[in-house]
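Let's take a look at how charged side chains pair up in this one. Here comes the structure, followed by a quick briefing.

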Amino acid sequence: MMRYQALVSRTVDAFGDEIKASRWLSLPNRDLSGQTPLQAVQSSGYDLHVLEPILTRIEHGVDY
Amino acid sequence: MTPEDLELDPSFFLSHQPLTLYRLARARYANLSGIGAAMAPGRWNRRGEEAIYTSTEMGVPILERLVHTPRELIPSNLALMKIGVSGNWESHKNAIIDPKTGGCFWFYRSLAEAKDAFRNGPLMFTAGIRPFAVAVLSVIVPVWNAVLFPQGIAFWEHVSLDTSLTTNIE
């Protein structure tokens, strides 16, 4: 439960919005070979590092 | 014609002086550190190389984001930064160079040229002269983008962030 909360907290922090964070977590992501971010984290044993590069690019505007 | 076939004219950079570049980033990171791209590199830098991804057109950073992200997933905490680039430039075939500072703004006229260069080594060491900026074509529109390298020669003498012009967007 704590690890799930950490995931939500990190994602909300990145998107600045709970609804956007929740949608992002549940939509297929091309940077994760089509997995959703939630699936990727779950299959890694809730290792948030699998999402960190993607969230960092979003936050820092590394878009191309 | 695809972006791969395009070739832009670098005289753009001499006719648009001082140059304004635009970057979309979280307001908290609306600075010139380049640390985000060092941790999570994009197309034109490598891990550990500080870099700032910008465009010469205000709308393009938003467009680059929308190509990969549905509009409803654009974060609520972004800022559009305006970054100034100025110098006393001499024009060269593939660059403008300020002879006083040694600062170099390098151009790759086509995506193919930039990709070749990147395959052969980091763009921040282009031609062995550590340019503080490298211009590359946008992959999605015929517009110059520019990757800034804070570790490049004379970066801080030529690049400035006008915080009064940083705009929060929703």
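**Salt bridges, one pair at a time**

In this predicted model, the side chains of A:R10 and A:E59 come together in a salt bridge, 2.9 Å from N to O. (A salt bridge is a side-chain nitrogen of Lys or Arg within 4 Å of a carboxyl oxygen of Asp or Glu.) A:R10 sits in helix α1 (residues 2-15) of chain A and A:E59 in helix α4 (residues 52-60) of chain A, so the pair ties together parts that are 49 residues apart in sequence. Helices here are DSSP runs of H or I with at least four residues, numbered from the N terminus.

**Across the chains**
- A:D63 forms a salt bridge with B:R65, with the closest N and O atoms 2.9 Å apart.
- That pair crosses between chains, going from the segment after α4 of chain A to helix α3 (residues 60-68) of chain B.
- A:D63 is buried at 14% relative accessible area, and B:R65 is buried too, at 3%.

**Within one helix**
- B:R119 and B:D116 also form a salt bridge, their closest N and O atoms being 2.5 Å apart.
- They are 3 residues apart in helix α4 (residues 111-120) of chain B, so about one helical turn separates them.
- B:R119 is exposed at 60%, while B:D116 is partly exposed at 40%.

**The overall picture**
- Over all chains, the structure holds 8 salt bridges.

**How to read this**
- Residues are numbered from 1 along each chain as its sequence is written, and chains are lettered from A and ligands numbered from 1 in the order in which they are written.
- Local features need pLDDT of at least 70, side-chain atom pairs count only at pLDDT 80 or more, and totals for chains, interfaces and linings use all residues, while side-chain values use heavy atoms, leaving out hydrogens and water.

Notes
Helix = DSSP H or I, 4+ residues; strand = E, 2+ residues; numbered from the N terminus. Buried < 20%, exposed > 50% of the residue type's maximum accessible area, 1.4 Å probe, protein only.
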